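Please walk through this structure from its sheets to its cores and then to its overall dimensions.

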Amino acid sequence: MSNLTHSAAWQALSLHQQDIRKKTMRDMFAADSARFDKFSLQIDGLLLDYSKNLITEETLTLLLNLARQSKLHEWIERQFNGDKINTSEARAVLHTALRSPRNANVTLDGKNVIADVHRVLDHMRRYSEDVRSGAVRGHTGKKIRHLVNIGIGGSALGPLMACEALKHYGSADLTAHFVSNVDATDIAETLKQLDPETTLFIISSKTFTTQETITNARTARAWLVEHLGSEAAVAKHFAAVSTNLSETSKFGIDPENVFEFWDWVGGRYSLWSAIGLPIALYIGMENFERLLSGGHAMDEHFRQAPLEKNMPVILAMLGIWYGNFFAVGSYAILPYDQYLQHFPAYLQQLEMESNGKRIDRSGNLIDYDTHFTVWGEPGTNGQHSFYQLIHQGTRMVPTDFLAPLSSLNPIGEHHTMLISNCFAQTEALMLGKTETEARAELQQQGLSSNAIEALLPYKIFPGNRPSNTLLFDKLDPYTLGMLIALYEQKIFVQSVIWNINAFDQWGVEFGKQLANKLLPELRAHETVTTHDASTNNLINLFRNGRLP
């Protein structure tokens, strides 16, 4: 048994769970009319209602004791102060500095990094304003109309999610496209939509050697040169977010159009950096800065609020409660806002790449669960898909519901209907439907006794399914910044409790290594025999180009 699971705080929660599992939220609400007031928080136009959880005030006290035992406050300060808490790569973790104001002071290796952060932000402002105004044009003198972000992982998913989430604020003169998959279909189908004379490609790769990204970038480059008939066109139609000026220069990108970021910016935390250039181009730099401000506001709350009133901490500890004491393996992100359609996928990477670890910070194999499978879909689409499992499946699936009070597209009764579904789902998951209630409902339908008894088991809902509800006034750049930072810090808190490094991703690197080994074998002519029987046969079948 590890030090964590053997600790007093952990053991107290294990004992408490035996009591809580006998209770129902239905009874908890009936017994306490002030439950919502006790278990909700509000900051800056963002409300968290966590009253529909299998918790009491004692539960919360015990969970926060676990956080204190893990020295959470010290780890929070270490993150913000630039300590190299990414120990396996000897790096600081300072994505929070990317959204800090110009007068902040964050020192790394004796240097205040804020000056560099705002130097790049100023560069982004100049370039984005020039592109949007038409001061920067394509090779033939036409104004840029299409933005194509080419990256992968955090260099793709972050900008994609944010541009879609903030589409309401996007320029009517620009269309944003995203290419990430090395599957040729991704780039081919995107290129079909473009006019080479009015297209700007942004290549996002720190080293400018990422296999998938550079393969797609070379295809885009060849397409552009073929259609515009000149290598000189590359400088007018490509920008890069990279630190490898040598390679970007060889590619033909004007050094003035290369934007820097740093090794203390993890890919899945990078949309706040120059990786966010497509966001700035699409929604304008003022709106991008509002996104940063929302993230910074959440950081300040996280750093200063007591644990009992700390939104990221509360969300994190509820996750610990279900994951480690109820053996829950997944949770669902359910945004009731179509603009947030990519938010669940964004959080998949953020959470699963960060906390999908089996080794602790001391290099020891751990004996407790450290992660969740994250999934979800927007709005009522999910209700007609997987909500059946959440309501009546055999496994508990905690859920986060996200919803705006006001729609950015107020048409008729659409938004009222949407929100009625959102609130109804949280209530139904909590209450369920008892046998007595189900029987009475069937009797009202005039069914025979035999028909009622046959149908009754299917009509019973166990309820007691936990959910959180995040309400906000409307989805704007500031609110989106708050939401992203909320989940970032929540995931960090969980990594502290679990004693793992949330900021490396060696599993991702392992897959790349194997792919690099296989690639020349797929190109070769000799029969491959150096792998296991399955892999050998798959390689050889691919090389033959057809099944036997």
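**Sheets, cores and overall form**

Strand E8 (residues 238–241) and strand E9 run parallel and are joined by two bridges. Alanine 240 is the residue opposite valine 258 in E9. Helices and strands here are DSSP runs, helices (H or I) of at least four residues and strands (E) of at least two, numbered from the N terminus; two strands pair if DSSP finds at least two bridges between them. The model is a predicted one, in which local features need pLDDT of at least 70 and side-chain atom pairs count only at pLDDT 80 or more, while totals for chains, interfaces and linings use all residues. Residues are numbered from 1 along each chain as its sequence is written, and side-chain values use heavy atoms, with hydrogens and water left out.

E8 and E9 belong to an open sheet of five strands with parallel pairing, in the order E6-E5-E7-E8-E9. At its edges are strand E6 (175–179) and strand E9 (258–259), each of which pairs on one side only. Helix H9 (residues 184–191) lies across E6, strand E5 (146–150) and strand E7 (199–204), and runs at about 160° to E6. Such angles run from 0 to 180 degrees between N-to-C directions, with axes fitted as lines to C-alpha atoms, for helices over the stretch in contact.

Another open sheet has six strands in the order E1-E2-E13-E12-E10-E11, and its pairing is mixed. Strand E1 (40–43) and strand E11 (373–375) are at the edges with a single partner strand each, so one side of each is left without a neighbour in the sheet. From one strand to the next, the twist averages 15°. Within this sheet, strand E12 (residues 399–404) pairs with strand E13 (residues 467–472) in the parallel sense over six bridges, and phenylalanine 401 stands opposite threonine 469 in E13. Helix H16 (residues 343–355) packs on the sheet and touches strand E10 (330–335), E11 and E12, its direction making about 165° with that of E11.

Which residues have the most contacts inside the largest nonpolar core? They are Met124, Trp264, Met317, Trp321, Phe343, Leu480 and Tyr487, in a core of 126 residues. Helix H22 (residues 477–498) gives the most to this core, with 13 residues. A nonpolar core is a set of buried Ala, Val, Leu, Ile, Met, Phe, Trp, Tyr and Cys residues joined through side-chain atoms within 4.5 Å; buried means under 20% relative accessible area, exposed over 50%, and partly exposed in between (1.4 Å probe, protein chains only). Leaving aside neighbours within four places in sequence, phenylalanine 343 is in contact (heavy atoms within 4.5 Å) with Met161, Ile333, Leu402, Leu483, Ile484 and Tyr487.

Serine 2 sits in the segment before helix H1 (3–6). It counts as buried because its relative accessibility is 19%. Leaving aside neighbours within four places in sequence, serine 2 is in contact with Asp367 and Tyr368.

As a whole, the protein has 24 helices and 13 strands, and 53% of its 548 residues count as buried. Among contacts between residues at least 6 apart in sequence, 73% join residues at least 24 apart. The C-alpha atoms fill a box of roughly 80 × 60 × 60 Å along the principal axes.
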